[in-house]
Every structure is written in structure tokens, then in C-alpha cells.
Amino acid sequence: MKTAQRILLTALAMFNEHGENSVTSVDIAIELDISPGNLYYHFKGKESIVVALMKMHEQQMQALLTQDKLDTLSAEDIMYYLYLLVDSIHVFHFLYKSPADLAEKYPQIVKRRQHILANLKRQITFLFESLVKQKVLIATDADRVLLVELILLIITQSCQFDELNSHMDDETQRFHALSLMMVSILPRLAMNEGEKAKLVAILNSHEFANSIKSESPLYAVNGDK
């Protein structure tokens, strides 16, 4: 792995574990066993690292937030898709902690974060509108609007809430978020009890997670200096 990639991957892991505010550029260099000068050659301080990570996150989300075939998903597919959205947010969850503080420190990331959230809301709205039109989801317009807001809140904030439950590992946190969403959606799905029970069994088994993990965030990092 090239040095620039190693720096970003290490910084991401440290920011997620300890919080961006508690990690310095020197800490990242020490963790990598490289000199601060070597790190500075690739990234001119912590701000440039945070901005690069936000760009990577935006590219990752762009790949997911496409409406192509979204209106043809089955109920089971919807669960998989929601899990993938949660997983993608959790990979960069430091960006969703204390967003006001991050925005004040790193104004360059504000528009990118707003763009991600706007596209995420648009995507979930389109998904639920399609499900209502197909009569797969039973919801009034008012209920659908509230459901979109609830799902958006769970996807973006569940990792922060789950940190209060220190016994949860990363995978358990992701499934907890998915469970919160599905407990809101399942009663509104036009399915018989047997079909709903099958979805619950899949959800409880955790078996599908290994095949739908988010692509490595380093896929967007090219080259080495």
C-alpha cells in the first residue's frame, strides 16, 4: 500500500476510534512509524487529511446514491440496501460526530457534507415514493415524509448513539441501526406474516453482512508521491 493511502487509512481508524479532536498529525505519523516531515510531504497537516477523507466519503456515497433500479427492489433488497447505507456512514463515522465543531474547524468540508445529506434524503424519499406507488409500502404522504426523516436520522446518527453502549462492536452497531429502521418499516409493508417473519429471520441471522460490506474507502486514492 502506498504511503498516502496508509496515512489516510490510519488517520481514518484513529479519528473513528479516538475522535478527530484527540488525534494530531504527529500521532498519525507515530502510529505509522514515519517522520512528521514525511507525512507533511503527502498532506500539509491534519486539515488536508480531513478534507481528503471527506472527499473519499463523498465519492463512496455517490456510488451508492443512484436511483438506477431503485424502484425495482424487493422488500429483502431494501433491507440489504439500507444496511449498505448504514455501513458506508459507519466507515466514516467521525465525520458525523459534533458536525458543528467540525464545520467550524474545517469549513472546506461543509458543502460536501451538506451535499451527501441532501442526496441521501433525496434517495430515501425516492425509494419510499416508489414503494408506495407499487403498493409495497402502505403510508400516507405525511407518514412517508416522517418516515424518510426517521430513516435519515437513524442512518446518520446511530453510530454516535450506539457509542453509549460500549458492549457493541462495529458490526453489532450496524445491525442495531438496521433493526431500528426495519421495526419502523416492517409494519407498513404489504406482506403476509410469513414473508415478514422471513425478513426478521434474515435480519437476526446477520448472515448477509459479509457479502455487502462497503468497498474500501481507499479505492478513490490514486498514486503516491
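Analyst: A definition to start: angles under 35 degrees count as roughly parallel, over 145 as roughly antiparallel, 65 to 115 as roughly perpendicular and the rest as oblique. The model is predicted, so local features need pLDDT of at least 70 and side-chain atom pairs pLDDT 80 or more, while totals for chains, interfaces and linings use all residues. Residues are numbered from 1 along each chain as its sequence is written, and side-chain values use heavy atoms, leaving out hydrogens and water.

User: OK. At what angle do α4 and α5 cross?

Analyst: The axes of α4 (residues 46–64) and α5 (residues 75–91) cross at roughly 175° and come within 10 Å. Axes are lines fitted to C-alpha atoms, for helices over the stretch in contact, and angles run from 0 to 180 degrees between N-to-C directions. α4 and α5 are therefore roughly antiparallel to each other. Helices here are DSSP runs (H or I, at least four residues), numbered from the N terminus.

User: Which residues of α4 and α5 meet?

Analyst: From α4, His-57, Gln-60, Met-61 and Leu-64 meet Tyr-81, Leu-84, Leu-85, Ser-88, Ile-89 and Val-91 of α5; contact means heavy atoms within 4.5 Å. By class, the residues of this contact are 7 nonpolar, 3 polar and no charged. Ala, Val, Leu, Ile, Met, Phe, Trp, Tyr, Cys and Pro count as nonpolar, Asp, Glu, Lys and Arg as charged, and the others, Gly among them, as polar.

User: And how do α5 and α9 cross?

Analyst: Their axes come within 9 Å and cross at roughly 140°, with α9 spanning residues 170–185. That makes α5 oblique to α9. The contact of α5 with α9 has 11 nonpolar, 2 polar and 3 charged residues.

User: Switching topic: is Gln-123 buried or exposed?

Analyst: Buried, because its relative accessibility is 2%. The cut-offs are under 20% relative accessible area for buried and over 50% for exposed, with partly exposed in between (1.4 Å probe, protein chains only). Gln-123 lies in α7 (residues 110–133).

User: What does the Gln-123 side chain make a polar contact with?

Analyst: The side chain of Tyr-81, at 2.8 Å. A polar contact is a pair of N or O atoms within 3.5 Å; within protein, one must be able to donate a hydrogen and the other to accept it, and residues adjacent in sequence count only if both atoms are side-chain atoms.

User: Where is Glu-20?

Analyst: In the loop between α1 (3–18) and α2 (25–32). Glu-20 counts as buried, at 7% relative accessibility.

Technical notes. Helices (H or I, at least four residues) and strands (E, at least two) are DSSP runs, numbered from the N terminus.
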